[in-house]
Amino acid sequence: MPDAPAVYGLAATFATPEAVMEAARAAHEQGYQRVEAYTPFPVEGLAELFHRPRSRVPMITAIGAIVGGSGAYFMMWYACVISYPWNIGGKPPHSWPTFIPITFELTVLSASLFAFFGLFALCKLPQLFHPLFRTAAFRRASRDRYVLCVESADPKFDLAACRELFRTAGCKAVFEVPWR
Amino acid sequence: MTATNPHLAEGGGDYLLAPGHTTGGVSDQISDVVLKRPLGYGWLLGFAVVFAGTLMLTTAIGYLIVRGVGIWGIDIPVAWGFAIVNFVWWIGIGHAGTFISAMLFLMKQDWRTSINRFAEAMTLFAVACAALFPLLHLGRIQFFYWLIPYPNSMYLWPQFRSPLVWDVFAVSTYGTVSLLFWYTGLVPDLATLRDRAKNPIAWAFFGILSLGWRGASRHWEHHQKAYLLMAGMAAPLVVSVHSIVGADFAAAQVPGWHSTIFPPYFVAGAIFSGFAMVLTLVIPVRAVYGLQNFITDRHIDNCCKLLLVTSLLVCYGYCSEWYMAWYSGDPNETFVALNRFVGPYGPAYWVMLFCNCVAPQLLWFRRVRRMIWLVFILSLLINVGMWLERFIIIITSLHRDFIISSWGMYTPTFWDWATFIGTIGMFLTLIFIFVRILPAISIFEVRELVHRSEEGPNA
């Protein structure tokens, strides 16, 4: 692409979670849409600043629970009533109370598997390379720095304006994020 | 960081986290145990010993496969010997890990943060040891997959009305969910190690394992939701697993087993033995790796209180057994209860009562809870006591059958002991490897705790 932007985005490091939240709020107010914050631990209230749709992890987990639970019950019902009816102590073939433990176990198993794989699918992981990994400053985002990055894909993206935004918000350092 | 800080100073200079920490400092200290600390002679010597145990286990398993379960002391009437004793003991130990990581997380107990990673690892390794035993006990190990329902040419299904089949599902679900939960919590910390690694092999290792975690706010949003949901599912799961193990016994008509108290009493016993194992492991590890500022005397104190509570629950279970033996008026039940005290395995019963009921009473005293060496000894005694409890339940109930002509004795053989001690070796081998290659304390949760502490009492 001839007119592809030269950089992935412009990023800045902040010393405290409050500062990065302030910067994220300012970026949102100025109309930036492709903004993301990177923090060493989950900062309360930060994700809400980006006004994204709610996480779909709970829904995926619920689907997993329903699939696992109903699948388990159906399997036992099919085995004990249709495929291999067998008289155990005079109990009816469809003796549902004895099916509950396995239904519960497989509900939990399936819901956990859905939650786990759903989590990483929604995060678009594994993705071993990301432009941010090229910058030395980003390494501290998993330690004690809070990084905000405005991506060049943003329609409003402008190096000078972003730089100014970060400065006003009180950043520690600003750095360009090259594509590779 | 003031004295009125809610997370740091409670009970007068009593810390959950020693003061003066920064988010950067805690990241460095925990990750340096993995990245910078050289392999000492102490670790190598310890590893050599426990790895010898693992080799003994593989030898014992190899010989078992060649010769069959006849090499063990099991026979009629005691067909459930060490294998089931060890299975129940190991799976019980795992329960404290899930209790710490899931239940205490849901109840927002901040003190769990420094020990949850370690306790979850303990759970995984204990479940791995536990899961070996039913498979080895099958006799024909190559047919283990017959336990799993699958379309087969024999047109057969497992018997879904049996607690023994429930156990297959409970234990495999428990192992899988524990692994997923543990790994979900590990990913952000693996990213920290990736970013701090200087060695290219370590960098690649942690880079691949951390899956490219960037700590983006979107990532954390999904992560926290998934973590909470998994904790919410793991909490009832842990109760269900040992209840089902209890039902394995309670569903049989054997006197001494056929009792509705078994599921809750097994769960209490599981958490009791698990907390004892947590203390047995954590006390030496924090001393060796200098982690006393994360795993403080407050943590030990809290674990001791839980030990005391669960010890009382277990004692209640014993009392209930005695009471029911008397109240039922069933001569076989009464005989089993008395036989435990004065029968051939009587000494084991008395030792068990001392370890599980008498010795833990010392924990009522705050001074005892602060004497770390004494707590360590108590934790070892409880481990022994809980192992003996499972031995008593299984062996004494079976060795005196309904008809006197079918009475028998159970004597463990060399191979029984080799398999049992071998699993302890395997368990410790995994712990030794774990503390060297993975962060033993959840770094991102400690960072969060440090941050919340900095915000002060009104935050």
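# A guided tour of chains A and B

Select Arg286(B) and Asp297(B): their side chains form a salt bridge, with N and O 3.0 Å apart (a salt bridge is a side-chain nitrogen of Lys or Arg within 4 Å of a carboxyl oxygen of Asp or Glu). This pair links distant parts of the chain, 11 residues apart, with Arg286(B) in helix α8 (residues 262–288) of chain B and Asp297(B) in helix α9 (residues 297–328) of chain B. Helices (H or I, at least four residues) and strands (E, at least two) are DSSP runs, numbered from the N terminus. Arg286(B) is buried at 6% relative accessible area, whereas Asp297(B) is partly exposed at 31%. Buried stands for under 20% relative accessible area, exposed for over 50%, and partly exposed for the range in between (1.4 Å probe, protein chains only).

The model is predicted: local features need pLDDT of at least 70, side-chain atom pairs count only at pLDDT 80 or more, and totals for chains, interfaces and linings use all residues. Residues are numbered from 1 along each chain as its sequence is written, chains are lettered from A and ligands numbered from 1 in the order in which they are written, and side-chain values use heavy atoms, without hydrogens or water.

## Further salt bridges

Over all chains, the count of salt bridges is 22. Next, select Arg117(B) and Asp189(B), whose closest N and O atoms are 3.0 Å apart in a salt bridge. Arg117(B) belongs to helix α4 (residues 116–137) of chain B and Asp189(B) to helix α5 of chain B, so the pair ties together parts that are 72 residues apart in sequence. Both ends are buried: Arg117(B) has 2% relative accessibility and Asp189(B) has 0%.

Move to chain A and select Glu176(A) with Arg163(A), a salt bridge of 3.4 Å from N to O. Here strand β4 (residues 173–178) of chain A holds Glu176(A) and helix α4 (residues 159–169) of chain A holds Arg163(A), so this pair ties together parts that are 13 residues apart in sequence. Glu176(A) is partly exposed at 37%, and Arg163(A) is partly exposed at 27%.

## The interface of chains A and B

Colour the two chains separately. In contact (heavy atoms within 4.5 Å) are 57 residues of chain B and 63 residues of chain A. Together the chains bury about 5300 Å², 70% of it on carbon and sulfur atoms; buried area is the accessible area (1.4 Å probe) that two parts lose on being put together, summed over both. On the side of chain B, select Trp157(B), Arg161(B) and Arg214(B), which lose the most area to chain A, together 17% of what that side buries.

The interface has two salt bridges. One to display is Asp28(B) with Arg143(A), where the closest N and O atoms are 2.4 Å apart.

Select α7(B), which gives 17 residues, the largest share of the side of chain B that touches chain A.

Then centre on Ser142(A), in the loop between α3 (100–122) and β3 (146–151) of chain A. Ser142(A) is buried at 9% relative accessibility. Leaving out residues up to four places away in sequence, Ser142(A) touches Pro40(A), Ala191(B), Thr192(B), Asp195(B) and Arg447(B). A polar atom of the Ser142(A) side chain lies 3.3 Å from the backbone oxygen of Arg139(A).

## Nonpolar cores

A nonpolar core is a set of buried Ala, Val, Leu, Ile, Met, Phe, Trp, Tyr and Cys residues joined through side-chain atoms within 4.5 Å. In the largest, of 175 residues, Trp90(B), Phe160(B), Phe249(B) and Phe427(B) have the most contacts inside the core. Apart from this core lies another of 27 residues, including Phe14(A), Ala19(A), Leu148(A) and Cys162(A). Return to Phe427(B) and show its contacts beyond four places in sequence, among them Trp90(B), Met122(B) and Met277(B).

## Cysteines

With a disulfide taken as a pair of cysteine sulfur atoms within 2.5 Å, the count over all chains is zero. Cys171(A) is in no disulfide, and the nearest cysteine sulfur, in Cys162(A), is 12 Å away. Finally, select Cys355(B): its sulfur is 9.8 Å from the closest cysteine sulfur, in Cys357(B), too far for a bond. Cys355(B) is buried at 2% relative accessibility.

Technical notes: Polar contact = N/O pair within 3.5 Å; in protein donor to acceptor, adjacent residues only side chain to side chain.
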